[in-house]
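Please read them with the structure open.

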Amino acid sequence: TAEAQMHGIKIASYVNDLRISNVWFDNSRGDGIWCTRHGFFTKNDYPTHIMIDNCYFSNIRRQDIAIIHGYDITITDCHGTGTLDIEPEINQGETPDVCRRISIKGGSFNLISITNKGDMNSQFTLSGAVSKTDISIWDLGGVSVIGNTAKSILLNGVKGATIQGNTCKAIWAKTSDNSNLTISGNIIRNTKDADDPQITTSGATVKLDKTSNSVVVNNVIVSPSLVGIKVDASCVNVKIENNDITDNEATDSTSSGVLVVSYSSVQNIEISKNRISGFYKGILSGGSSNIAGGKVQDNVVECRHRNLELKNWDSVNVVTNLLKGNATNYFYSCPKISVERNFLRNTADTTKILEFSTCDEAVLINNFIWKSGASATIALYNCPNAYIEGKAASASALSLTGTTTRKNDLVSL
């Protein structure tokens, strides 16, 4: 039709138990399917129990499917060249629960965009679908995104979400407050393919910004543009655990497996049981203020320059990590840091394996260090309240400058 805003099918108030199946929508001037109430009816009059399956959309002027209001809607195996859009509209004085229990299963679109105007109990699911560009989730809670394929998954203002088993190039929790995210079991490959170039916008393949009480666990991350996982401003109570993070293509000296940016708003970050290799630096922190609290534990790291480089991180425990290769480990301006029971191996004669600078209370206990050569294994500069105990491979293993130790039981094996 030539009439502007003419939709293919409009599902309006009072519609219940409707199925739309095996319909081809082409050249619609409005939306292909538009689901909404009409006027100012109550929620009891919203469209409910709507099934849309095996429909196809091409050359749609607006959205392929647009859900404005409705409950208990299932969209299964639909395919379009445009957007599948959950886009509620709320009138003044209304609560935000105008869309609930929407399930999208399978199918493919150019873009999948889902919001719910601040409803934190949306009960939305997206599973087995393909987005040729992004899956965008924003301003809602109670959503599951499982087993989909997309270029990237974008989260903004999401409070309560499971992002699991997806295949993509990037996952970003962006600049509105996010909380209670579980990002698990995803395959995130940001490789340099000729027909599908790397995503480089944020410099990180997984980025958390203003995110709290969340976990990034059991993911496989390959060939990020610069950083595998980046924890940025205002992140609190974040756990990064049991991820495989590798980059065999890394040439940039700023590349790192995990980066925690040092802001005073960043607190209680745990990095544990990850396997990190190929980067210039393995686990890195640094910035303008001190991170408050956290631990780096049980990781296996083998990178080219430094396995660990922690700067401006207060009250952090570095415990039982396996640090391999000829990389060093450097700790700078960490007011209180404990490094205990780590296994470190290095064959470079001129390299200090553990180096501390301006760390007021540096505690080193029972680290196992294997190193060839006679140069100093451990060096401390301007660490006035250091505490050291354990055994070293040689008497020349320890170098102290501007440092007074409360205890020094470091003796030759």
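Is K311 buried, exposed or partly exposed? K311 is partly exposed, with a relative accessible area of 27%.

1. Basis of the notes. This is a predicted model, in which local features need pLDDT of at least 70 and side-chain atom pairs count only at pLDDT 80 or more, while totals for chains, interfaces and linings use all residues. Residues are numbered from 1 along each chain as its sequence is written, and side-chain values use heavy atoms, with hydrogens and water left out.

2. Overall build. The protein has 49 strands and zero helices. Both terms refer to DSSP runs numbered from the N terminus: a helix is H or I with at least four residues, a strand is E with at least two. Of the 413 residues in the protein, 53% are buried. Among contacts with a separation of 6 or more, 51% are between residues 24 or more positions apart; a contact means heavy atoms within 4.5 Å.

3. Surface. The accessible surface of the protein comes to about 16,700 Å², and carbon and sulfur atoms hold 47% of that. Areas come from the Shrake-Rupley method with a 1.4 Å probe, and for residues only the protein chains shown count as cover. F343, F368 and W370 make a nonpolar surface patch of about 300 Å². Patches are made of residues with over 30% relative accessible area and no salt bridge; nonpolar side chains (Val, Leu, Ile, Met, Phe, Trp, Tyr) are joined within 5 Å, like charges within 9 Å. W370 sits in strand β43, residues 368-371, and is partly exposed at 39% relative accessible area.

4. The salt bridges around E309. The structure has eleven salt bridges, each being a side-chain nitrogen of Lys or Arg within 4 Å of a carboxyl oxygen of Asp or Glu. E309 pairs with K281 at 3.0 Å, N to O. This pair links distant parts of the chain, since E309 is in strand β35 (residues 306-311) and K281 in strand β32 (residues 281-287), 28 residues apart. E309 is buried at 3% relative accessibility, and K281 is buried too, at 15%. E309 also meets K311 in a salt bridge of 3.5 Å, N to O. K281, R306, E309 and K311 are linked in a network of salt bridges.

5. The pair R100 and D119. Their side chains form a salt bridge of 2.9 Å, N to O. R100 lies in strand β11 (residues 99-105) and D119 in the loop between β13 (111-115) and β14 (124-127), so the bridge ties together parts that are 19 residues apart in sequence. R100 is buried, with 18% relative accessible area, and D119 is buried at 4%.

6. Cysteines. How many disulfides does the structure hold? It holds zero disulfides, where a disulfide is a pair of cysteine sulfur atoms within 2.5 Å. For C78, the closest cysteine sulfur is in C55 at 4.6 Å, too far for a bond. For C99, the closest cysteine sulfur is in C35 at 7.5 Å, also too far for a bond. C78 counts as buried at 1% relative accessibility, and C99 counts as buried at 0%.

Conventions
Buried means under 20% relative accessible area, exposed over 50%, partly exposed in between (1.4 Å probe, protein chains only).
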